[in-house]
Amino acid sequence: MIEWLLTPISGALDHAIAPWAAWHGRLMVLSWSVLLPIGMLAARYFKVTPGQDWPRALDNKIWWRTHLWVQSAGVAAMTLGFLIAFENASGAGGAAAIHRLCGWIAVVIGWVQVAAALLRGHKGGPTEPTLRGVAFERVHKSSDGSRSRSPWRQLASGSRSSTRHAGCRSSLRSGG
């Protein structure tokens, strides 16, 4: 049973993957599957927490600090994973080219989120909206990863791509 679970998806006998590609994958999974979703969940569900004297105490900083630090760590992991791939990936076509294009789009959207947050200005809020705050909310909420399945598709395409290439290398080595 354990042997079957450890077998690569491609069916190849071994799954040789370049160390840079393994680190790219680990960082992207950490970013898009762990950190960024946790940061989004903190912003969505932890604005009011148990023990908070709501509605008298409205400015709960727990959600904000969690959102800020976890999202910052997620963008940092995404950027590092992107830079590793940018430095090492070759000009493969097909699924790898699609994965690369979608990766560029995801990184741009991630950094648009950061730029929008930096340009926002003071916190504002529903009781004191500013033009910059309203613009920020539109950009921030319309381009976040929770609105689409794109990050999950991207992770799946990267997994398939690495497995396919490992299978090709294995076949070439074995002569078949």
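Where is the place of glutamine 52? I looked it up and found glutamine 52 in the loop between helix 2 and helix 3. Helices here are DSSP runs of H or I with at least four residues, strands are runs of E with at least two, and both are numbered from the N terminus.

**Ground rules.** I am working on a predicted model, where local features need pLDDT of at least 70, side-chain atom pairs count only at pLDDT 80 or more, and totals for chains, interfaces and linings use all residues. Residues are numbered from 1 along each chain as its sequence is written, and side-chain values use heavy atoms, with hydrogens and water left out.

**Whole chain.** I noted 6 helices and 0 strands in the protein chain. Along the sequence the pattern reads α-α-α-α-α-α. Of the 176 residues, 31% are buried. Buried means under 20% relative accessible area, exposed means over 50%, and partly exposed lies in between (1.4 Å probe, protein chains only). I then checked contacts, meaning heavy atoms within 4.5 Å. Among those between residues at least 6 apart in sequence, 73% join residues at least 24 apart.

**The loop between helix 2 and helix 3.** Back to glutamine 52. Its relative accessible area is 18%, so it counts as buried. Not counting residues up to four places away in sequence, glutamine 52 touches Lys47, Ala57, Leu58 and Asn60. Proline 55 is in this loop too, between helix 2 and helix 3. I checked the peptide bond from tryptophan 54 to proline 55 and found it cis, with omega near 10°.

**Helix 2.** This helix covers residues 19–45. I compared its length with the expected span, which is 1.5 Å times one less than the number of residues. Its 27 residues should span 39 Å, and the end C-alpha atoms are 37 Å apart, which agrees. Where does helix 2 bend? I found a bend of about 35° at serine 31. That bend is the angle between axes fitted to the seven residues ending there and the seven starting there. Serine 31 is also on my list of buried residues in helix 2, which includes His24, Leu27, Met28 and Trp32.

**Helix 3.** I counted 28 residues, reaching 40 Å from first C-alpha to last, close to the 40 Å expected. Buried residues include Trp63, His67, Gln71, Gly74, Met78 and Phe82. Glycine 81 is in helix 3. Its relative accessible area is 0%, so I logged glycine 81 as buried. Leaving out residues up to four places away in sequence, glycine 81 touches His24, Leu27 and Met28.

Threonine 66 is another helix 3 residue I looked up. At 30% relative accessible area, threonine 66 is partly exposed. Beyond neighbours within four places in sequence, threonine 66 is in contact with Ala42 and Gln71. Its C-alpha lies 9.5 Å from that of methionine 40, 26 residues away in sequence.

**Helix 4.** This helix has 25 residues and reaches 36 Å end to end between C-alpha atoms, close to the 36 Å expected. Its buried residues include Ala96, His99, Gly103 and Gln113. Glycine 110 sits in helix 4 and is buried, at 10% relative accessible area. Its C-alpha is 8.5 Å from that of methionine 78, 32 residues away in sequence. Valine 114 is in helix 4 as well. With 22% relative accessible area, valine 114 is partly exposed. The C-alpha atoms of valine 114 and serine 72 are separated by 8.5 Å, and the two are 42 residues apart along the chain.

**Helix 3 against helix 4.** How do the axes of helix 3 and helix 4 cross? They come within 11 Å and cross at roughly 145°. I took axes as lines fitted to C-alpha atoms, for helices over the stretch in contact, with angles from 0 to 180 degrees between N-to-C directions. Val75, Met78, Thr79, Phe82 and Phe86 in helix 3 meet Trp104, Ala106, Val107, Gly110, Trp111 and Val114 in helix 4. By class, this contact has 9 nonpolar, 2 polar and no charged residues. Nonpolar covers Ala, Val, Leu, Ile, Met, Phe, Trp, Tyr, Cys and Pro; charged covers Asp, Glu, Lys and Arg; the others, Gly among them, are polar.
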